[in-house]
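Visitor: I have just opened this model and would like a guided walk through it. Could you take my questions one at a time?

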Amino acid sequence: MQQQIGRVEMGDAAAKSAEKYVYSKEEWLESLLLRRISAGYWAVGERLPAERKMAAELDVSRNTLRGALRRLEARGLIEARQGSGYYLQSTCLMTSSNVSPAEESDERIMARLEAAYLFLPGVVAMAACKITDVQLAELEECTANLSKAVFSKDISEFKAQARRFFKIIAGGTKNQIIDEMVSSFCASSSLMFPGFSSFEEAQQQKLFADYVLIFNALKKRDSEESSRCVKIKVINTCVAFSELKGVALPFSIEQARQEML
């Protein structure tokens, strides 16, 4: 895979000239990096060039570069590893290029949750059959970290561990495409914990308990129970978000909720 990015290809140069009057430098840089990811500059799991080198070669400040990298991280495309740098996590872009996760409307967030209800149960059921003891140990540690984050009211840590939770499960499927899709699908901080910090403490505890139920079902390697627990988790999140924001539940979620009662 190409590690050197010093030569800005003609397409990038032309795009820079055309776009610099429309977009901020950070937005332009994000767009350039998105094109490079799409073009296969780096493989999934590969480390991106060091910040200092990339900033110098693209003639931007490190602050601008970091802003663009944070945007890509929010989309679930790259992952920051402390002391190591940024790594390509996925090439699947689940968020519209014109809508950042932080700017999504309440209705769009609810639509994401409905998609999660239809997509994630099958993924978790598959993982229940294939997940290794090592991955279960990682998932147990992650669940414990989620508990600590709720207790300490560290929402940033809770979000990070929630993403890791589903990333571990996706890895348990032994399917790289599913792994990439889940990484991107769960990238938005709104997906599995929209408005989490605004919920009452009892509601936060309930939403955390759903993670414990999922873990226990996976530990038993029970596909049916794992799938059911994920559905309950998404439904509970939808209901909490609906009550918080006054957004109507999607038909599929409302129907599933009624069947649970």
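Guide: Gladly, and let us settle a term before we start: a residue counts as buried under 20% relative accessible area, as exposed over 50%, and as partly exposed in between. Please keep in mind that this is a predicted model.

Visitor: Then is Lys153 buried or exposed?
Guide: Lys153 lies in the loop between helix 6 and helix 7. Its phi is positive, near 60°, although the residue is not a glycine. Its relative accessibility is 55%, and the cut-off is over 50%, so Lys153 counts as exposed.

Visitor: What class of accessibility does Arg221 fall into?
Guide: Arg221 sits in the loop between helix 9 and helix 10. Here too the residue is not a glycine, and phi is positive at about 55°. With 36% relative accessibility, Arg221 is classed as partly exposed.

Visitor: Which residue takes a positive phi in the hairpin of strand 1 and strand 2?
Guide: Strand 1 (residues 78-81) and strand 2 (residues 85-88) run antiparallel and are joined by 4 bridges. Arg81 stands opposite Gly85 of strand 2. The hairpin has 3 residues between the strands, and the one with a positive phi, near 75°, is Gly83.

Visitor: How do helix 5 and helix 10 run relative to each other, roughly parallel or roughly antiparallel?
Guide: Their axes come within 7 Å and cross at roughly 165°, and the crossing is right-handed. Residues that meet include Leu113, Leu120 and Val124 from helix 5, and Ser226, Val230 and Phe241 from helix 10. An angle over 145 degrees counts as roughly antiparallel, so helix 5 and helix 10 are roughly antiparallel.

Visitor: Is Ser226 buried or exposed?
Guide: Ser226 belongs to helix 10 (residues 223-245). Not counting residues up to four places away in sequence, it touches Val124, Ala128, Ala217 and Leu218. Its relative accessible area is 0%, which is why Ser226 is buried.

Visitor: And how are helix 6 and helix 9 arranged, roughly parallel or roughly antiparallel?
Guide: The axes of helix 6 and helix 9 are 10 Å apart, and the helices pack at an angle of about 170°. The contact includes Leu136, Leu139 and Leu146 of helix 6, with Phe208, Phe215 and Leu218 of helix 9. Given that angle, helix 6 and helix 9 are therefore roughly antiparallel.

Terms used. Residues numbered from 1 in each chain as written. Predicted model: local features only at pLDDT ≥ 70, side-chain atom pairs only at ≥ 80, totals over all residues. Heavy atoms only, no water. Pairing = 2+ DSSP bridges. Helix = DSSP H or I, 4+ residues; strand = E, 2+ residues; numbered from the N terminus. Buried < 20%, exposed > 50% of the residue type's maximum accessible area, 1.4 Å probe, protein only. Contact = heavy atoms within 4.5 Å. Axes fitted to C-alpha atoms, helices over the stretch in contact; angles between N-to-C directions. Parallel < 35°, antiparallel > 145°, perpendicular 65-115°, else oblique. Left-handed = near helix turned anticlockwise from the far one by under 90°.
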